[in-house]
Amino acid sequence: MAVSGGNHRINSARLWQSLEDMALIGPGVAGGCNRQTLTDADAEGRRLFQSWCEAAGMTMGVDTMGNMFMTRAGEDPSALPVYMGSHLDTQPTGGKYDGVLGVLGALEVVRTMNDLGIRTKHPIVVTNWTNEEGARFAPAMLASGVFAGLHTEDYAKGRKDLDGKLFGEELARIGWVGSEVTGARKMKAMFELHIEQGPILEAEGKTIGVVTHGQGLWWLEITLTGKDAHTGSTPMAMRVNAGLGMARITERVHQIAMAHQPNAVGAVGQVKVFPNSRNVIPGKVVFTVDIRSPELEKLTLMRGEVERAAHAVAAELGLGIAIEAVGHFDPVTFDPSLVEIVRTQAERLGYSHMNIVSGAGHDACWINRVAPTTMIMCPCVDGLSHNEAELIFPEWAAAGADVMLHAVLQVAEVVE
């Protein structure tokens with residue numbers, strides 16, 4: 001088979017059924033998923049994925065961070081493998097497709113190759129990266145970060161969730177501590193298929209996003225300390241209100257992001273209020289500021305401005321303040337040759353496409369530091385993600401997997 005002339009398509013119905021079947025594990029309360037990392041549901045989803053891959057003739061490897069590597073043998077065992085993958089874990093109120101499409105779309109690529117009897121020189125590996133979301137254990141993309149050398153394994157396994165449970169202990173509890181040294185694997189390339197998680201592709205009427213760059217980000221966890229007091233009997237002038245401090249900093253984050261337009265965003269996400277009682281002025285608030293930009297200079301400026309603004313608010317209100325960076329990566333430039341391959345294959349297959357910058361962080365952003373990497377995106381309705389109402393259509397999922405199929409075949413070198 002000549003890849004340049006092939007017009008093969010994946011089995012769209014099979015891919016869609018796999019997405020629906022995985023969504024039954026860790027169902028949400030409103031039609032989405034709650035399959036947070038290192039929960040029993042995560043373990044069950046991993047086992048289902050393993051069974052599908054093994055039925056497709058792949059063999060499994062698992063590293064000490066729980067990353068799953070399912071290998072389809074190549075004709076040359078010494079050739080560097082071509083990787084595809086994303087993550088199976090979800091947000092607490094996550095959708096059915098964020099991350100999951102990249103894992104099961106990659107599986108479908110292998111299944112289609114099996115159906116067509118296609119062999120490649122290079123092995124092909126489908127990967128499920130552990131704890132991409134960072135919803136339970138911050139920071140996000142934790143295990144791929146260890147793989148790429150951004151974090152030590154001790155740091156990662158010492159991360160705690162809101163209940164004080166340790167990442168390392170929970171990984172062992174669900175039975176997914178592997179024997180491979182994390183980061184020891186070498187790659188020829190990695191592709192990650194993902195929903196856009198934004199509204200641009202749908203608004204522009206494009207089926208494929210050719211991802212050229214990824215935004216950098218800072219997650220700044222801010223702790224404000226005031227004084228618990230009765231909301232009814234404490235005079236306004238005598239209050240040391242941590243909640244008020246958070247509100248003012250939230251407004252400043254918005255103003256700072258707006259001042260750096262275009263290509264800058266910022267908001268306050270996770271919030272923990274203490275004692276979180278109706279009639280008690282908050283004596284302590286812990287919240288996370290999320291700022292992002294594809295421009296490193298702008299991102300650095302924004303971080304400085306947010307921290308100065310937070311300290312100024314705390315001083316004005318008499319609050320104690322501590323700021324910890326709990327997540328960070330610089331803006332990413334994906335491998336130009338892989339980007340061009342994705343663009344060429346989308347064009348050849350007749351799919352409308354456009355260049356796009358990823359607004360979210362992904363495992364590919366870390367793996368890009370140790371191997372040539374790129375991403376393929378498909379639209380999602382109204383750009384909605386990290387929400388149980390997240391929605392894509394079967395034809396969008398199939399188009400992304402089709403492009404990945406042909407891009408991977410080109411890089412993995414089809415054996416005639």
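User: Hi! Is C33 buried or exposed, and what is its relative accessible area?

Analyst: Happy to start there. This is a predicted model with residues numbered from 1 along each chain as its sequence is written. Local features need pLDDT of at least 70 and side-chain atom pairs count only at pLDDT 80 or more, while totals for chains, interfaces and linings use all residues, and side-chain values use heavy atoms, leaving out hydrogens and water. Buried means under 20% relative accessible area, exposed over 50% and partly exposed in between, with a 1.4 Å probe and protein chains only, so C33 counts as buried, at a relative accessible area of 1%.

User: Where is C33 found, and which residues does C33 touch?

Analyst: C33 is in the loop between α1 and α2 (40-55); helices (H or I, at least four residues) and strands (E, at least two) are DSSP runs numbered from the N terminus. Contact means heavy atoms within 4.5 Å. Leaving aside residues up to four places away in sequence, C33 touches A23, G26, P27, G28, T90, Q91, P92, T93, G94, G95, K96 and E388.

User: What separates the C-alpha atoms of C33 and N11?

Analyst: Along the chain, C33 and N11 are 22 residues apart.

User: How many aromatic pairs does a search of the whole structure find?

Analyst: Rings of Phe, Tyr and Trp (its six-membered ring) pair if their centres lie within 6.5 Å; planes under 30 degrees apart count as stacked, over 60 as edge-to-face and the rest as tilted. By that rule, the number of aromatic pairs in the whole structure is 8.

User: What is the angle between the planes of W16 and Y97, and which parts of the chain does the pair link?

Analyst: W16 and Y97 form a stacked pair, 5.5 Å centre to centre with 25° between the planes. The two residues are 81 residues apart, so to speak a link between distant parts of the chain. Both W16 and Y97 are buried. The parts linked are helix α1 (residues 12-23), which holds W16, and, for Y97, the loop between β3 (82-86) and α3 (100-116).

User: Which ring does the charged end of R303 sit over, and which ring does K284 use?

Analyst: A charge sits over a ring if NZ of Lys or CZ of Arg is within 6 Å of the ring centre and within 35 degrees of the ring normal. R303 is 3.9 Å from the centre of its ring, and K284 is 5.4 Å from the centre of its own. The ring under R303 is that of W218, and the ring under K284 is that of F274.

User: Which residues does the UniProt annotation "domain: Peptidase M20 dimerisation" cover, and how far apart are the end C-alpha atoms?

Analyst: The annotation comes from an unreviewed UniProt entry and covers residues 215-311. Over residues 215-311 the chain is 35% helix and 35% strand. The end C-alpha atoms of that stretch are 26 Å apart.

User: Why are the buried residues of α8 on the same side, and what do they pack against?

Analyst: In α8 (residues 242-259), the buried residues are A242, G243, G245, M246, I249, V253, I256 and A257. They lie on the same side because they cover an arc of only 150° around the axis, the arc being that of the directions from the helix axis to the C-beta atoms. They pack against β7 (216-225), β9 (265-274), β11 (284-293) and α9 (296-317).

User: What span does α9 reach from its first C-alpha to its last?

Analyst: The expected span of a helix is 1.5 Å times one less than its number of residues. For the 22 residues of α9 the expected value is 32 Å, and the span is close to that. From first C-alpha to last, α9 reaches 32 Å.

User: What phi does N263 have, and what is the phi of H386?

Analyst: N263 is found in the loop between α8 and β9, and H386 in the loop between β15 (373-378) and α12 (394-412). N263 is partly exposed at 40% relative accessible area, and H386 is partly exposed at 39%. Neither is a glycine, yet phi is positive: about 65° for N263, and near 55° for H386.

Conventions:
UniProt positions renumbered as here; feature names shortened; annotations may be inferred.
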